[in-house]
Amino acid sequence: MNAQHKQQLMQCTNFEQLLDTEYGKRGAQKREMFEADAEAFCIGELLREQRLQAGLTQKELAAQVGTRAETISRLERGYSNVSLSSIFQIFAGMGRKVAVTLL
């Protein structure tokens with residue numbers, strides 16, 4: 001990181017400014033990619049947390065929802081896009097319900 005970029009980051013006073021400086025304004029390709037990766041990471045962490053609370057291994061959860069343990073692993077690590085219907089199915093396999101809120 002060069003000194004000028006570091007100075008710009010240090011002048012940010014909120015998270016939105018930090019994201020704008022680091023990844024560009026909303027709508028910029030780099031920013032959209034970052035946001036998509038962040039969302040995939042959050043879903044993966046939530047999935048992992050709920051699976052552990054349910055006392056299931058990745059293999060056990062995969063068997064319950066008709067997929068492979070590798071698929072569950074990839075989702076938990078944020079490395080795979082997942083459809084909304086798959087999210088509903090996976091969480092239902094753990095006895096959980098998913099609610100979607102549009103903002």
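Student: At what angle do helix 3 and helix 6 pack, and how far apart are their axes?

Tutor: The angle is about 20°, and the axes are 11 Å apart. Axes are lines fitted to C-alpha atoms, for helices over the stretch in contact, with angles from 0 to 180 degrees between N-to-C directions. Helices here are DSSP runs (H or I, at least four residues; strands are E, at least two), numbered from the N terminus. This is a predicted model: local features need pLDDT of at least 70, side-chain atom pairs count only at pLDDT 80 or more, and totals for chains, interfaces and linings use all residues. Residues are numbered from 1 along each chain as its sequence is written, and side-chain values use heavy atoms, without hydrogens or water.

Student: Roughly parallel or roughly antiparallel, then, for helix 3 and helix 6?

Tutor: Helix 3 and helix 6 are therefore roughly parallel. The cut-offs are under 35 degrees for that, over 145 for roughly antiparallel, 65 to 115 for roughly perpendicular, and oblique for the rest.

Student: Which residues make the contact of helix 3 with helix 6?

Tutor: Helix 3 brings Ile43, Leu46, Leu47 and Gln50. Helix 6 brings Ile87, Ile90 and Phe91. Contact means heavy atoms within 4.5 Å.

Student: New pair. How do helix 3 and helix 5 pack?

Tutor: At about 125°, with axes 7 Å apart. That makes helix 3 oblique to helix 5.

Student: Which residues meet in helix 3 and helix 5?

Tutor: From helix 3, Ala40, Gly44, Glu45, Leu47, Arg48 and Arg51. They meet Ile72, Leu75 and Glu76 in helix 5. By class, that contact of helix 3 with helix 5 has 4 nonpolar, 1 polar and 4 charged residues.

Student: Leu47 is on that list. Is Leu47 buried or exposed?

Tutor: Leu47 has 3% relative accessibility, so it counts as buried. The cut-offs are under 20% relative accessible area for buried, over 50% for exposed, and partly exposed in between (1.4 Å probe, protein chains only).

Student: What is Leu47 in contact with, leaving aside neighbours within four places in sequence?

Tutor: Leu61, Ile72, Leu75, Glu76, Ile90, Phe91 and Met94.

Student: Which other residues of helix 3 are buried?

Tutor: Besides Leu47, there are Arg31, Ala40, Gly44, Gln50 and Arg51. The cover over the buried residues of helix 3 includes helix 2 (15–23), helix 4 (58–65), helix 5 (69–76) and helix 6 (84–92).

Student: What follows helix 3?

Tutor: Gly55, with a positive phi near 70°.

Student: Last pair. How do helix 4 and helix 5 pack?

Tutor: At about 110°, with axes 8 Å apart. That makes helix 4 roughly perpendicular to helix 5. Gln58, Lys59, Leu61 and Ala62 of helix 4 make the contact with Ala69, Ile72, Ser73 and Glu76 of helix 5. The residues in this contact of helix 4 with helix 5 are 4 nonpolar, 2 polar and 2 charged.

Terms used: Nonpolar A, V, L, I, M, F, W, Y, C, P; charged D, E, K, R; others polar.
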